[in-house]
Every structure is written in structure tokens, then in C-alpha cells.
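Please keep the sequence and the model in view while working through them.

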Amino acid sequence: MSEPLLVATGLTRHFRIGGVLSGKTLHAVDDVDLTIGRGEIVALVGESGSGKSTVARLLARVYRPTRGRIVFDGKRIDRLRTRRERLRYASDVPLVFQDPFSSINPAYRVSHGVKRAIKLHRPELSRVERRVEAERVFEAVGLVPPAAMLRKFPHQLSGGQRQRVGFAQALAFRPKLIVADEPVSMLDVSIRIGILNLMTELRASRGVSFLYITHDIASARYVADRVLVMYGGHLVEEGATEDVLHRPKHPYTKLLLAAVPDPRAPLGLADVEDAGEPPRVVEPHEGCRFAPRCPLATEVCRTVTPLRRSLGPGRLVACHHAEPDVGEQPSEQPLVGSPA
Amino acid sequence: MTAPAVAEPLRPAAPAGPSRARAVLRSGAVRALLHNRKALVGALLLLGFVVLALFPGQLAPDDPNAEIFRPGLGASSSHWFGTTAYGQDVLSQLIWGTRQSLLIAFAVGGLATAIAVIVGVSAAYLGGFADGLLSTITDVILVIPIFPLVIVLAAYEKNAGFFTLVVVLGALGWSYGARQLRAQTLSMRNRDFLEAARVRGERRLYVIVFEILPTMTSLIVASFLGAALYAVLTAAGLQFVGLGDPNSLSWGTMLYWAQNNEALGAGMVLWAVMPGVCVALLGAAFALLNYAFDEVSNPALRKVRRVQRG
Amino acid sequence: MGERLLEVRGLRVAYASESGPVVPVDDVSLDLDEGEFLGIVGESGCGKSTLLYAIARLLGPPLGGEILDGSIVFRGRDMVALSERRLRHIRWRELSVVMQSAMNALNPVLTIEAQLRDACRAHSTMSAREIRARSEEVLRLVGIDPLHLRSYPHQLSGGMRQRAMIAMALLFTPDLVIMDEPTSALDVVAQRSLMKQIKQLQDQLSFAVIFVTHDMSLVSHFSDRLAVMYAGQIVELGPTRRVFDAPLHPYTRGLLDSFPSVAGPRTHLAGIPGSPPDLVEPPSGCRFAPRCPLATDRSHAVPPPLVDVGGDLVRCHLYVPDAEPAPAAAVEA
């Protein structure tokens with residue numbers, strides 16, 4: 001197994017909110033460890049307030065971590081000093097945004113972002129070479145014919161096409177890892193699959209790794225090799241996709257899976273009593289942040305923050321009550337509500 | 001190996017011309033201009049004044065300063081608006097005076113808009129302390145009553161020349177535009193494409209000039225027109241009160257001299273009224289043009305083609 | 001399920017736009033019985049929200065749009081023909097609306113109590129005490145502690161805000177509640193919880209629901225019947241379970257094929273290539289034909305009629321009785 005591409009340890013990010021005098025601290029991300037291998041697609045699943053978007057921005061160096069470190073390709077990226085090093089990292093780890101309607105500058109043609117990316121990061125290319133390169137990445141994301149598509153303005157493209165432009169911009173950097181922050185949530189359902197397929201295709205053809213950030217665990221299952229589940233700024237569960245989805249260990253993961261509407265499942269409401277109230281991340285107390293909603297919560301859960309424990313190779317859970325499987329069953333254990 | 005091709009959407013075609021110029025011509029701005037009657041009138045008026053300012057020698061019948069005619073004449077075929085108390089042709093004066101008024105309008109408009117853009121956009125984009133400082137300065141200037149201040153300033157320099165006027169008006173007239181631009185930039189600050197630009201490594205200055213400003217062109221133009229309007233009116237007002245250079249030739253100074261000679265009472269009505277009419281017309285031109293840009297920046301105001309029942 | 005509550009026939013709605021008139025609702029007909037839960041499913045631009053606003057008679061300024069043709073018969077009265085005054089009697093007492101985003105629909109500077117009071121005053125002559133009592137009752141109904149009457153919308157969580165909207169819609173226990181994607185701004189757990197709550201309320205108070213959404217799976221366990229809209233038209237209409245188990249229209253099949261599942265095998269999904277058509281100039285013939293794997297020359301040329309297939313409706317040439325036989329390739333359900 002080759003060296004992992006990116007290793008983040010103890011990643012923490014706090015924000016100060018409220019006034020200068022009576023400010024409070026918002027714990028957006030607390031103590032997250034994250035490893036992404038080469039050519040791997042890792043999904044980071046969580047709801048709003050889970051901190052997943054903050055993690056994306058920490059990795060893209062939009063925010064500086066309050067604590068923790070990130071090592072990319074063997075180098076610590078919070079120690080980048082020169083502009084050249086920063087540019088280099090920006091081209092290795094670009095960010096794809098959620099909103100196709102605000103992620104492209106409406107005043108220019110869609111070629112603008114791609115060409116600027118190429119110009120900044122590969123200044124040795126001539127104008128003609130830049131154009132050829134721009135056409136190549138547009139073709140790679142399925143925007144064809146590339147010459148004609150490059151000349152369009154954003155308002156002439158559909159949401160799905162604009163997201164492809166976002167991926168084209170990321171590809172123009174010749175990246176090693178693309179951080180995609182909810183790239184399909186704002187797209188129509190039938191368009192989403194196209195983008196998800198694009199991601200797996202790019203991984204297969206170019207070996208690009210992906211950190212796919214989403215609130216939709218079903219789409220995470222569709223593309224990802226490994227799944228990380230976040231809740232209230234904490235990483236609560238981690239493991240291979242099928243393992244996490246079929247044998248969830250953390251009560252929150254189980255809740256998420258039970259709440260996903262699956263049209264192919266037979267009629268019958270899964271027992272989801274939870275009202276979906278968000279976690280407390282402003283000045284949070286010690287203890288598990290899921291405890292207020294957890295059916296298994298005990299006194300220790302409310303006072304002691306659970307650490308991540310290993311329940312097997314690559315399998316981590318942050319819960320006082322999680323048990324490893326004894327003599328694990330092979331293949332699928334049916335989930336609540338799934339066809340037998 | 002490429003991803004499967006995505007079918008082209010059935011959408012109206014992109015502008016066909018290869019150059020950006022043609023894209024601009026077919027852009028919303030010009031189209032809004034042409035479809036909007038008010039703006040069209042404004043554009044034609046402005047065009048008329050520009051022509052007058054460019055070719056006064058060819059268009060004015062006489063030398064504006066030549067005191068060779070009988071003073072106090074009324075309208076006639078040789079003197080469309082009569083003569084002044086000094087025997088000068090009013091029409092020629094009006095035509096030659098256009099130059100100064102237009103120059104003031106564009107110079108102050110340009111200066112005020114430039115300052116407004118720099119202050120407003122930077123304040124919003126930089127945020128924090130810089131924003132606080134710039135906003136406070138903007139608010140102070142906004143609140144200062146211009147006229148009394150200019151009178152005080154002009155009193156220090158007797159007979160403020162053209163240059164002084166431009167500087168003073170420009171230095172005081174940017175605050176309204178700055179507020180607008182700041183508000184607009186604030187609303188855009190969290191747009192993903194700006195974050196995308198920063199993430200790909202663009203410098204801050206680049207982002208402000210090349211990513212933010214191009215999306216605000218209509219607001220900037222509207223700001224310019226507003227500043228130009230303010231400049232025309234205020235400059236005329238100052239000159240009328242006698243704070244301009246009375247020996248220069250402009251509509252404002254015409255008003256000053258007419259007032260000095262009690263033109264209205266003495267029956268030289270046109271001399272007293274026409275410079276004011278010109279000021280009003282030029283101001284109206286800018287105001288009318290502003291309508292077109294209102295619509296460009298706010299598509300909700302655009303006229304839409306209604307559907308027929310049936 | 002009771003008697004017929006709503007009958008929409010041949011509804012056509014148009015908006016004026018810069019590029020010309022747009023017809024997002026083109027010849028839509030549907031029925032609704034008392035206590036029934038009808039889901040309307042479609043992607044962005046299919047006209048489902050416009051359909052909703054048309055039924056609620058909320059078109060016109062400031063939203064724009066006008067009804068060109070057709071009838072909307074609610075409890076025997078044609079709403080299209082009714083005056084604004086008569087409509088006001090019906091609105092909120094017999095028919096209410098839950099908008100898409102509570103943050104947009106709730107007034108951010110008024111407390112919940114004030115907004116409920118506004119609604120009560122606008123549609124009834126209840127006394128202050130009655131209003132207060134009813135407000136508390138209706139909040140309890142949706143699972144919100146009445147002390148939140150004094151809260152402002154931004155102080156409530158997303159899920160609670162949506163519940164407050166539903167509470168407002170239930171003030172007069174109407175016969176029909178129209179909901180426009182009320183869960184789209186919520187996370188999956190909150191969504192699920194809200195859907196359950198809506199269903200419970202429906203069982204309790206016996207009102208009919210028209211629920212518009214872009215997410216089929218959301219209504220799959222809650223709606224009695226499902227209507228699928230595409231490009232301004234209804235392309236399939238039938239009992240929910242049947243639509244999911246045996247979809248008739250190729251678009252419905254394509255939609256179902258776009259949902260990755262959490263259970264079951266991990267298969268490759270194809271989705272539907274292309275994008276929905278521009279409603280300024282819809283394609284001639286079947287509007288789905290450009291993206292349809294089963295399209296024939298006929299599909300591109302002739303608009304398909306709405307065909308009755310065993311009580312359900314499909315707008316597709318494949319089901320027209322006298323047409324050429326469908327291609328042998330049967331698409332799996």
C-alpha cells in the first residue's frame with residue numbers, strides 16, 4: 001500500500017461569534033483525523049452543522065486550523081510560506097463548490113476560470129497551448145463540443161453543465177485530490193447521477209482522489225470507497241463503505257440510515273422518532289454531542305467525550321457503547337426497511 | 001477516455017461575434033438602452049450636447065464674447081435667444097458654454113466614481129478594521145452639507161477656477177456611490193466564484209478588479225451618471241452664486257451675469273432662463289439614461305412580453 | 001377517502017418573460033378526493049410549483065403568471081371564475097398553502113404569535129382570547145412548545161420553522177393543504193420526522209394534501225397517488241406503489257433509476273442524459289423524446305395523448321392502443 005496522499009490529524013477549527021466583548025466560540029470542527037489515499041474516493045457524510053464544509057475549507061486552505069496539522073504528500077501544508085508553495089498546493093488540492101449558480105463569475109464566459117487556472121499554475125504554456133488544454137478538460141468532463149461550450153456564458157448553461165465546468169476548472173490544475181463540497185445537492189435528481197459517474201470515471205482514468213462531502217449517505221455509498229460520518233464537529237464513525245452502511249456502529253449512523261427514504265423499500269415507516277434537532281456546537285459541553293438525541297445515552301455519555309476506538313482494520317467509532325461484531329457475517333446484513 | 005457527452009440544452013444561442021466588443025453590443029446594457037424610451041431620449045439629448053461641445057465653432061453663429069450687438073434684444077432670426085446686456089449673442093454663449101458644463105460633468109463624474117469604487121468595494125471586500133475606517137469616512141462626507149462647505153472652501157480661493165471646482169465637487173460627491181457599491185459588494189462577498197478565485201491563488205487586488213468589478217458595471221455606470229448629474233447642477237449653482245470664475249464661459253456664469261443685470265426684470269427673459277433650461281436638459285439626460293441602467297441591474301424592472309389569451 | 005374535493009381540467013398557465021411567453025403548465029388535469037395525499041413529482045422547471053400556485057389562485061402580481069385556460073373546481077365551485085372576495089373566504093379556511101422555505105415565508109421581524117394572529121384576523125372574526133387559544137393549540141398539534149409563540153423565526157431551528165408554517169396552515173383545519181417542497185431545506189432526519197408528522201396530522205384531521213417535491217423517494221411512503229410532471233405536463237398518474245413498482249412512462253423509469261440506494265446491491269446507474277427542455281419553445285412531439293431511450297420518429301413529431309391504462313394515466317405513445325408495438329427491449333422496473 002503506497003503512502004497516503006493526505007493525512008490530517010487533530011484537525012480543529014473554532015470560530016468566534018458574537019461581539020468583541022461577549023463573544024462565544026463555535027466549535028465547527030473538533031479533533032478530526034482524516035486520511036486519503038492515492039486514487040481513493042472518500043466520502044464525508046454529515047448534516048448541516050456537522051462541520052463537513054469547514055473540513056473542506058480547512059483542506060483547501062481557506063481557513064487556518066485552530067489546532068491540528070495537515071500533511072499532504074509528505075509536506076506539512078500549514079507551514080507553506082512562499083507564494084509558489086501555496087499555488088502549488090492550490091493546484092494539487094482544488095475545491096469544487098456546491099452551488100452551480102454562484103460558483104462561476106456571471107460576467108465572463110465559462111472559459112475564464114479554466115484559463116485563469118491554467119495561467120496561474122502552468123505559466124509556461126502559451127496562449128494557444130492554454131486554449132488546447134482548456135478544450136481538453138472540457139472534453140474530459142463531457143462538455144462537448146468543447147470549443148463551443150467554452151464560449152458560452154454561465155446563464156446559457158444548465159445547473160448540471162455548470163457543475164461540470166466546476167470540475168473542469170479543478171481538472172485544469174492537474175490535481176491529485178479534488179475536494180468536492182456537496183457538488184450535487186443543488187442539482188436535479190436525474191442530473192446527479194451524471195456528476196457522480198463523472199467522479200468515478202475521473203478517478204479511474206486519471207487516478208484523481210476525491211473527498212466527496214455530502215449529506216446524502218446514499219450517494220456516498222454510490223461513489224465512495226470509504227465513508228466518514230461527522231456529527232456536531234466530531235468524527236463519529238469511519239470505515240469501508242459497505243461495512244459502515246450495512247453494519248453501522250454509531251447510533252447516529254444508524255439514525256441516518258434509517259431516515260433515508262428508499263423508494264425501493266417496501267411500504268412501512270421505519271421507526272424514526274428523532275425530530276432532527278441540530279447539535280450544540282456553540283460553547284459545547286464535554287461529553288458526546290449526540291447524547292441528547294441518543295437512545296443508548298448513559299451518564300458517561302453526557303460527561304465524557306468519547307474517543308475514536310478501533311473496531312477492526314480501518315474501522316473507527318466514537319461511541320462508548322459501540323461493540324465490535326463477534327464473528328462477522330459475510331455479505332449483506334439487511335438493513336431496516338431493505339428488501340430481504 | 002472521456003465522460004459520455006452531455007446533450008446541448010435547447011437554449012438561445014451565444015453571441016455570434018468573436019470579439020468581446022460585439023458581446024458587449026448585444027449585451028443587456030445596450031439592449032436595455034434601445035428598448036427603453038426614456039433612456040433613448042436621454043441618450044439623444046446627451047449626444048446633442050456632446051456635438052455642441054465638440055464643434056462650437058462651427059455651430060455657434062457668433063463669437064460669444066463679442067460685445068458687438070445691440071444689448072437687450074429679444075428673440076429674432078439672427079439672435080434666436082436675443083442678446084445680453086453687454087450685446088453678446090445668447091445662443092453662441094450657450095453653445096460655447098456647453099463645453100464647460102460637459103467637462104465638469106464627466107470630470108467630476110469620473111473622479112467621484114473612481115473614488116467611490118475604490119472606497120466602497122475595498123471596504124466591503126477587506127472587511128474588519130479597514131471597512132470600519134472607510135465606512136466612517138464615507139458617512140462623514142455623506143453627511144456634510146456640500147453647498148455651505150464649498151462656499152467656505154471657495155471663499156479661501158477667490159473665484160474658484162475649473163480645476164478647483166472639479167476637485168472639490170469630486171472629493172465631496174463620491175460618498176453616496178461608495179455606500180451603494182459597498183452594499184452591492186457585501187451582497188456578493190460570499191459568492192462562491194470569489195472564493196473559487198482566491199482558492200486558485202488569485203491575488204486580492206486581482207479579485208477586486210477583475211472578478212468583482214465586472215459584475216457591477218451597471219451599478220458603476222449608474223453611479224457615474226448620478227455623479228455627473230450632481231456635478232452639473234451643483235457647479236451651475238456655485239457659479240450662479242458667484243463662486244465660479246465669472247470670466248469663464250459657462251451656463252452657470254451666464255446665470256450669474258444675468259442675475260447681476262437683473263435680466264428678468266429688464267425684459268431679457270431668455271438670457272436669464274435659457275442657461276437654466278440647458279442645465280435642466282443636461283441633468284435630465286443623465287437622469288433618463290439612469291433608467292436604462294436601473295433596469296439592467298434589476299431585471300425585475302425589465303419590460304416583458306405578455307402572452308395572449310387563447 | 002371521501003368524495004371528490006378538487007377537479008382540475010385542462011389547466012394552462014403562462015408567464016411573461018424576457019425571451020417570450022413561457023407555459024409551465026400545459027393542459028394539466030387531475031382529481032383529488034377528501035383526505036387523499038397526492039404527490040406531484042418533477043424536476044426544476046417542470047411547472048409543479050406553478051401548478052400549485054395556480055390551484056391556490058396565487059398567481060398574478062407579484063409572482064406573475066396568469067391562467068389561460070381550464071378549470072379548477074373546488075367543492076363544486078370553479079376557482080378560476082371566482083372573485084378575489086369570494087376567494088378570500090375559501091383561502092385558509094378551506095384551502096391553505098405551506099410554502100417552500102419557511103425562512104422566506106415567515107416574516108423575520110414578527111414573532112410567531114404575531115404571525116398566527118395576523119392569519120387569524122385576516123380570515124375570521126375571532127376574539128383575542130380565541131386567537132391565543134387557537135395559536136397554542138395549533139402549535140401543540142405540530143409538536144412545538146407554545147412558549148415559542150414569543151420566538152422570532154430565526155430563533156427556531158429549520159425543522160421547527162417548517163412546523164410553524166404547517167401550524168399556520170392548519171389554523172382553520174382546512175379541507176386541503178397544498179405544500180410546496182416544505183422539506184427541501186431540511187436535513188434527512190428532520191425531513192423524515194416532518195413527513196411523519198404531516199401524515200399523522202392528516203390521519204388526525206382528515207385533510208387532503210397536495211405535496212409537490214423534486215424528490216420522489218420522499219413521498220414514496222406517504223402519498224396515496226403520485227403524479228409525475230415533465231416540461232409542464234403530467235406524464236404519469238397512478239397509485240404510488242404501482243408507480244414505483246411498475247413505472248409506465250420512460251421518464252418515471254429514468255427518475256427511479258437515478259436514486260442510489262443504501263440497501264440492496266451497488267449497481268451502476270445511468271440517470272437521464274440531457275436536460276429538461278426550454279419552456280419558451282418546447283419540442284414538437286413528445287417533450288421527453290430528446291432524452292428518451294425508447295423514442296421513435298413518431299415520438300418526435302406527434303405530441304402523445306394522455307392514455308388510460310387500467311385506471312392510471314400515461315402520456316406516452318407506447319401505450320396508445322393502435323400504435324406500432326413498443327420496442328422489444330423492456331426496461332426493468
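1. What pattern does chain B follow when read along the sequence? Chain B reads α-α-α-α-α-α-α-α-α-α-α-α-α-α. Its secondary structure accordingly comes to 14 helices and 0 strands. It should be noted from the outset that this is a predicted model.

2. Chain B has 310 residues, and buried residues make up 42% of them. Its contacts may also be considered by separation along the sequence. Among contacts in chain B between residues at least 6 apart in sequence, 70% join residues at least 24 apart.

3. One helix pair in chain B deserves attention. Helix α5 (residues 90-126) of chain B and helix α8 (residues 162-172) of chain B have axes that come within 9 Å and cross at roughly 40 degrees. The crossing of α5(B) and α8(B) is right-handed. On the α5(B) side, the residues that meet α8(B) are Q100(B), I104(B), A107(B), V108(B), L111(B) and A112(B). Their counterparts in α8(B) are F162(B), L165(B), V166(B), L169(B) and G170(B). By class, this contact of α5(B) with α8(B) divides into 9 nonpolar, 2 polar and no charged residues.

4. The axes of helix α6 (residues 159-171) of chain A and helix α7 (residues 189-206) of chain A come within 10 Å, crossing at roughly 15 degrees. That angle makes α6(A) roughly parallel to α7(A), because angles under 35 degrees count as roughly parallel. The passage of α6(A) across α7(A) is a right-handed crossing. G159(A), G160(A), Q163(A), R164(A) and F167(A) of α6(A) meet I191(A), G194(A), I195(A) and L198(A) of α7(A). The contact of α6(A) with α7(A) comprises 4 nonpolar, 4 polar and 1 charged residues.

5. Just after α7(A), G207(A) takes a positive phi of about 70 degrees.

6. Which residues of α7(A) are buried? They are V189(A), S190(A), I191(A), R192(A), I193(A), G194(A), I195(A), L196(A), L198(A), M199(A) and L202(A). The cover over the buried residues of α7(A) includes β3 (41-45), α6, β8 (209-214) and α8 of chain A, together with α10 (250-256) of chain C.

7. The contact between chains A and C takes 40 residues from chain A and 37 residues from chain C. On the side of chain A that touches chain C, the elements giving two or more residues are α7, α8 (217-223) and α10 (251-259) of chain A. Among these, α7(A) gives the most, with 6 residues. This side of chain A divides into 23 nonpolar, 9 polar and 8 charged residues.

8. How many residues of chain A are in contact with chain B? There are 35 from chain A, in contact with 20 residues of chain B. At least two residues of this side of chain A come from each of α2 (83-92), α3 (111-121), α4 (127-140) and α7 of chain A. Helix α3(A) gives the most to the side that touches chain B, with 4 residues. The residues on that side of chain A divide into 19 nonpolar, 9 polar and 7 charged.

Terms used. Residues are numbered from 1 along each chain as its sequence is written. Chains are lettered from A and ligands numbered from 1 in the order in which they are written. This is a predicted model: local features need pLDDT of at least 70, side-chain atom pairs count only at pLDDT 80 or more; totals for chains, interfaces and linings use all residues. Axes are lines fitted to C-alpha atoms, for helices over the stretch in contact, and angles run from 0 to 180 degrees between N-to-C directions. Angles under 35 degrees count as roughly parallel, over 145 as roughly antiparallel, 65 to 115 as roughly perpendicular and the rest as oblique. A crossing is left-handed if the near helix is turned anticlockwise from the far one by less than a right angle, and right-handed if clockwise. Two residues are in contact if their C-beta atoms, placed from the backbone, lie within 7 Å. Ala, Val, Leu, Ile, Met, Phe, Trp, Tyr, Cys and Pro count as nonpolar, Asp, Glu, Lys and Arg as charged, and the others, Gly among them, as polar. A residue is buried if 20 or more other C-beta atoms lie within 10 Å of its own, exposed if 12 or fewer, and partly exposed in between; C-beta atoms are placed from the backbone.
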